[in-house]
Amino acid sequence: MKLFVFGLGYCARYFVCRFRKSFKTAAGTVRSAERMEELERLGIETFIWGPSRQDERIGGRAASADAVLVSVPPGDKGDPVLAQFGRALASRGGGQIIVYLSTIGVYGDRGGDWVDETALPAPSAERSLARLYAEDAWLALGRETGKTVHILRLAGIYGPGRNPLISLKAGTARRIVKPGQVFNRIHVEDVSRAIAAAFAYEGESGIFNVSDGCPAPPQDVTAFAAGLMGIEPPPEQDLDSAGLPPLARSFYSESRRVSNRKLKEMLGVTLAYPDYKAGIKALWEAGEGR
């Protein structure tokens, strides 16, 4: 298959580098010339799509791809990929698989209870509501054009260069405690495995949670990482006295435990890192945070 990626950011770039050989060609969009040069050195054809410059070839290349990965968040006016390239993608008709990267934030607050894909979304944050609208729009495109569209709802992503070992080394890590609070996580390697499995899946369009299935309090994760490094973890702080900015504090307003059963049983994904301890330990052994 020929692959086209809207938004070669952290996850999408990792996926392309990891599974590049599974595709005949791989191309995608970036926002700057600097990132374009960096990715083309890795053998990934790139096209600039940003506020000040847009390559006119993007629509045609995306429409001709067999597999399309969408890793661009929605904006104030809806999904920007659909707004600019929806017509080009629709012109292809069926025979195309689209994977859209969304968020488990669409479930809203569940008071720490378990949730799976059968649950009715109830987003409380505007950013999560925008994601839900985007999900619906992509699924509608699939129904109208005969395309297969898979929605991957991602948990909090960590991996190389983005993990508590890095923040502890930099001295920016904090241990903020809210009783009963848990967060869900997923290693970027397992996100990539989920994307690859979605493209290979021969079933109908679907929605899949991408989480390690082992939610945990954030302060415990930081303490575990500090233990690997042989240092004292930062002192615990209660949420009310932590002085978090509104966006960071908003994440503590929701608590849920997200099931990954469908991901494993239907897509057949075997997680490389089934919990944060396995993932962070592997990162430490690879030299992260040293």
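Modeller: Gladly, and please keep in mind that this is a predicted model.

Biologist: Leaving aside its neighbours within four places in sequence, which residues is Ala90 in contact with?

Modeller: Ala90 is part of helix α4, which covers residues 80–92. Once neighbours within four places in sequence are set aside, the contacts of Ala90 are Leu141, Thr145 and Lys147.

Biologist: Is Ala90 buried, partly exposed or exposed?

Modeller: Buried means under 20% relative accessible area, and exposed means over 50%. Ala90 has a relative accessibility of 31%, so the residue counts as partly exposed.

Biologist: What handedness does the β-α-β unit of β4, α4 and β5 have?

Modeller: Strand β4 spans residues 67–70 and strand β5 residues 97–103. The two strands run parallel, joined by four bridges, and Ala67 has Ile97 as its bridge partner in β5. With α4, they make a β-α-β unit that is right-handed.

Biologist: Which residues of β4 point the other way from Ala67 and Leu69?

Modeller: In a regular strand, side chains alternate between the two faces of the sheet. In β4, Ala67 and Leu69 point one way, and all the residues named here are buried. Those pointing the other way are Val68 and Val70.

Notes. Residues numbered from 1 in each chain as written. Predicted model: local features only at pLDDT ≥ 70, side-chain atom pairs only at ≥ 80, totals over all residues. Heavy atoms only, no water. Buried < 20%, exposed > 50% of the residue type's maximum accessible area, 1.4 Å probe, protein only. Contact = heavy atoms within 4.5 Å. Pairing = 2+ DSSP bridges. Right-handed = clockwise from strand over helix to strand, strands pointing away.
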